[in-house]
Amino acid sequence: MTASTALPSSLIATLPGYSYTESETFALEQARILEQYWFCAIRSADLPNPGSFRNVQVGRESVLVVRGRDKKLRAFLNVCRHRGAKLCTEESGEVRRSLQCPYHAWTYGLDGKLVAAPNLSSMADIDRTEFGLIGVHLREWLGYAWVCLAEEPPSFSETVMGAVAERMGDENAVEEWHIEDLALGKRITYDVAANWKLIIENFMECYHCATIHPELTEVLPEFADGYAAQYYVGHGAEFGEEVGGFTVDGSEGFDRLTDVGEDHDRRYYAITVNPQVFLNLVPDHVILHRMFPVSVDRTIVECDWLYDRSVVDSGTDLSASFELFHRVNQQDFDACERCQPTMSSRAYGNGGVLVPSEHHIGAFHEWVNKQLAG
Amino acid sequence: MISVCSIDDIPEGEAFRFNADVPIAVFNTGDALYAIDDTCTHQDASLADGWVEDGCVECPLHAACFDLSTGMPSGPPAKKAVRTHQVIVSDRTVYVAINETPAELPVGEEIGVA
């Protein structure tokens, strides 16, 4: 088969293999996708106090998110304005009053303003705001801080809230879960040796479900047909009749979250917010994945399981609940890691094919190509 | 005696910096006003940019702490005291009487006004 061979109508082409292996392509994706769109960086509650900070990699940049003395979250490029040293070298922590460069002690307030530096008082012409840390756009939604490195960020309501509304078929549906009020029950960080697009494509389809997800298919029998919730608009995959809840063994879960309506009960909803968030909604909890693409063949995925505060505070054993999607994650990431090394094979030079239950992934590929075309 | 500023120019927890023989800062702790030499005796940094707490000011650079009423450092990295100066408030104007003893400056710094 050659590139010019027309595909049978059941199939459409994927991206070519080099799209997953070439560092030039990844560099372009960092510049034109990861640094242009709203990027879900951290859970707001992870920074509880003034001075709490965390660094995350967004595209090619290290971004520092810090809570100010006024309790507001702010994001900055994590680079000293003096000689360019990385300002905060620890991934997370809490400073008392200020952010100080470990090289020459240029010292910034939690609002980013230059507060002090050796001999600064004899350099009266230095404007402390102009030589403060470079700010990054930040917006809080669903209890998470979303940042955008673009000078002019795209509309948050269109690109983030709109993506959720479009998949749910209703712009207010997600509010029934009150995600911003939920408590963190479990967090697992996965270091995945695969390109970020492989992980998105995997999440979007369920053609693989019956083969690699025995526990999930037990809970959601319709997944055995290979049609993911994301194939549809406003569709939640229904729990099996014998199934008690969204748990690893089909046992009862927790009480349905207060405002989740009957029509969303006993169903699983899955949403992708490009370029790096997966949102999973079930009646008694929410699973939110944040992907941090770090190189062409490596992606860190931080997965949060969120429950009603009373459930987490009670100290109840959550393991049957989070174990289901933890297994799904492991099974999915194993599959992605199986694909990554072979993306450079000449067998995949022109890419592969998408079957009808995967055709909606073509829209993701079109979106990627459109961004990269500039 | 130097007329420095209006008392309204120094909110609680803040400082007002001015130039005499060396830079001097007047701090408002909420309880009282204190004037000390503004330059940390450890490295050239403005104490007026530091943090006021419990009657002390903490240098913003290396966290040396000075007692605002005595000028004494509470411990390393500063070893020498800063001078203290008398503060008088009259008609909401803040006046400072400059201490005539020579100022302690960080190693390598000469007296001079920025």
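This is a predicted model: local features need pLDDT of at least 70, side-chain atom pairs count only at pLDDT 80 or more; totals for chains, interfaces and linings use all residues.
Local features need pLDDT of at least 70 and side-chain atom pairs count only at pLDDT 80 or more, while totals for chains, interfaces and linings use all residues; side-chain values rest on heavy atoms, without hydrogens and water. Residues are numbered from 1 along each chain as its sequence is written, with chains lettered from A and ligands numbered from 1 in the order in which they are written.

Strand β14 of chain A spans residues 267-273; strands (E, at least two residues) and helices (H or I, at least four) are DSSP runs numbered from the N terminus. Of the 7 residues in β14(A), 6 are buried, that is, under 20% relative accessible area with a 1.4 Å probe and protein chains only. Two strands pair if DSSP finds at least two bridges between them. β14(A) is joined to β13(A) (residues 237-238) by 2 bridges, antiparallel, with Tyr268(A) partnering Ala237(A). Another 5 bridges, again antiparallel, tie β14(A) to β15(A) (residues 277-282). Those two strands make a hairpin with 3 residues between them, and Thr272(A) sits opposite Phe278(A).

Tyr268(A) turns up again in the largest nonpolar core, a set of 53 residues where Leu220(A), Phe246(A), Tyr268(A) and Trp305(A) have the most contacts. Such a core is a set of buried Ala, Val, Leu, Ile, Met, Phe, Trp, Tyr and Cys residues joined through side-chain atoms within 4.5 Å. A second, separate core has 29 residues, including Trp38(A) and Cys148(A).

A volume is the space filled by probe spheres set on the points, which are joined across faces, edges and corners. The largest pocket holds about 640 Å³. Its lining has 22 residues, and among those closest to the centre are Val115(A) and Trp51(B). The second largest pocket has about 490 Å³. Thr272(A) is one of the residues closest to its centre, and β14(A) is among the elements giving two or more residues to that lining.

The cavities of 30 Å³ or more number 2. Phe278(A) is one of the residues lining the second largest cavity, whose volume is about 50 Å³.

Definitions and conventions. Buried means under 20% relative accessible area, exposed over 50%, partly exposed in between (1.4 Å probe, protein chains only). On a 1 Å grid over the protein atoms alone, a cavity is a set of points where a 1.4 Å probe fits but cannot get out, and a pocket is an open set with protein on both sides within 12 Å along at least five of seven lines; lining residues have an atom within 4 Å of a point.
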